[in-house]
Amino acid sequence: MFQIAVVIPVWNGEAVIGRCLDALARQTLPHDAIQIIVVDNGSSDATRTIARSCPGVELLEEPAPGSYAARNRGIERVRAPITAFTDADCEPAPDWLEQIVRAAEANPGFGVLAGRIELFDEIEEEREVFGDYERLFSFPQAHAARGNCATANWASETALLRQLGGFDAALKSGGDRQMALRIRGAGRPLVYVPAMVVRHPVRASRAELVRKRQRLSGGRWDRTTRRPRLLHVLGVTAYDTLRRLRRVAVSRDLPLQRRLAVMILTLELAGVAVLEFFSLAGGRKAARD
């Protein structure tokens, strides 16, 4: 009987999936206690070939585009009481799964165990400001109790995920938070576990940050039910931008010149979000995760 399963959605991840699976092969938890499921989401590269070459990996395919649809496909095949999620470009620490099992035993009735996400430079930084921005604003896992739980480092009881019907497969982004809030609404706590460590690459280029902001904006658009929809998302973006500007302004981790550069980038990315919302209001579909 497996103790824990790991579900990894992937789309055209030939450059990174091997690294992730190698990290899982080095786990301190016994291999016969771990079920590893890779769900290919329509890759056109060598992703499937690489996954098949890794011993003990179950490869599934989900034709419906979107990482949440892929995660739901993986949940269907889990044969362990606990399901953990990470991303194809991540590197779990060697004791990641062991720490999840310990945290599950220490927190009976938990809803989500959200672990620490350490950022690392995968590519040479285009400019210092992009890495600064990511480190300030990406993956606020320490605030898991508010619903800030990223599937880059997440564990839940398999039965709970199935009981709630899995993630919203219609979303292309933002389904992590939505699912976490549904779990909290069901009376289960969202717990931050800093000992659960996963390394995640920094998106240290302008192009990567723009794509990420477009994708996140699409997720917000798809999740928004209030009307008028466009006015609501623009208001949320304005509020969020002001909060981020304040956070940068009071940051003690960066000298003044770097803080100013991050503030300018924050305003530029807010403009990206606004343009994306107008495009979505005009009928364009949200970008996939």
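Biologist: Which residue of strand 2 is the bridge partner of Val-7?

Modeller: The partner is Ile-37. This is a predicted model, in which local features need pLDDT of at least 70, side-chain atom pairs count only at pLDDT 80 or more, and totals for chains, interfaces and linings use all residues. Residues are numbered from 1 along each chain as its sequence is written, and side-chain values use heavy atoms, with hydrogens and water left out.

Biologist: What makes strand 1 and strand 2 a pair?

Modeller: Two strands pair if DSSP finds at least two bridges between them. Strand 1 (residues 4-10) and strand 2 (residues 34-40) have seven bridges, in the parallel sense, so they meet the definition. Strands here are DSSP runs of E with at least two residues, helices are runs of H or I with at least four, and both are numbered from the N terminus.

Biologist: Why are strand 3 and strand 5 called edge strands?

Modeller: The open sheet has eight strands in the order 3-2-1-4-7-6-8-5, with mixed pairing. Strand 3 (57-61) and strand 5 (91-92) each pair on one side only.

Biologist: Why is helix 9 called roughly antiparallel to helix 10?

Modeller: The axes of helix 9 (residues 229-250) and helix 10 (residues 256-281) come within 10 Å and cross at roughly 170°. Axes are lines fitted to C-alpha atoms, for helices over the stretch in contact (heavy atoms within 4.5 Å), and angles run from 0 to 180 degrees between N-to-C directions. Angles over 145 degrees count as roughly antiparallel, so helix 9 is roughly antiparallel to helix 10.

Biologist: What is the make-up of the contact of helix 9 with helix 10?

Modeller: Its residues divide into 15 nonpolar, three polar and two charged. Ala, Val, Leu, Ile, Met, Phe, Trp, Tyr, Cys and Pro count as nonpolar, Asp, Glu, Lys and Arg as charged, and the others, Gly among them, as polar.

Biologist: How do you know that the span of helix 10 is close to the expected one?

Modeller: The expected span is 1.5 Å times one less than the number of residues. Helix 10 has 26 residues and reaches 38 Å from its first C-alpha to its last, close to the 38 Å expected.

Biologist: Why is Asn-12 called partly exposed?

Modeller: Its relative accessible area is 34%. Buried means under 20%, exposed over 50% and partly exposed in between (1.4 Å probe, protein chains only), so Asn-12 is partly exposed.

Biologist: What is the phi of Asn-12?

Modeller: Phi of Asn-12 is near 50°, a positive value in a residue other than glycine. Most residues other than glycine have a negative phi.

Terms used. Parallel < 35°, antiparallel > 145°, perpendicular 65-115°, else oblique.
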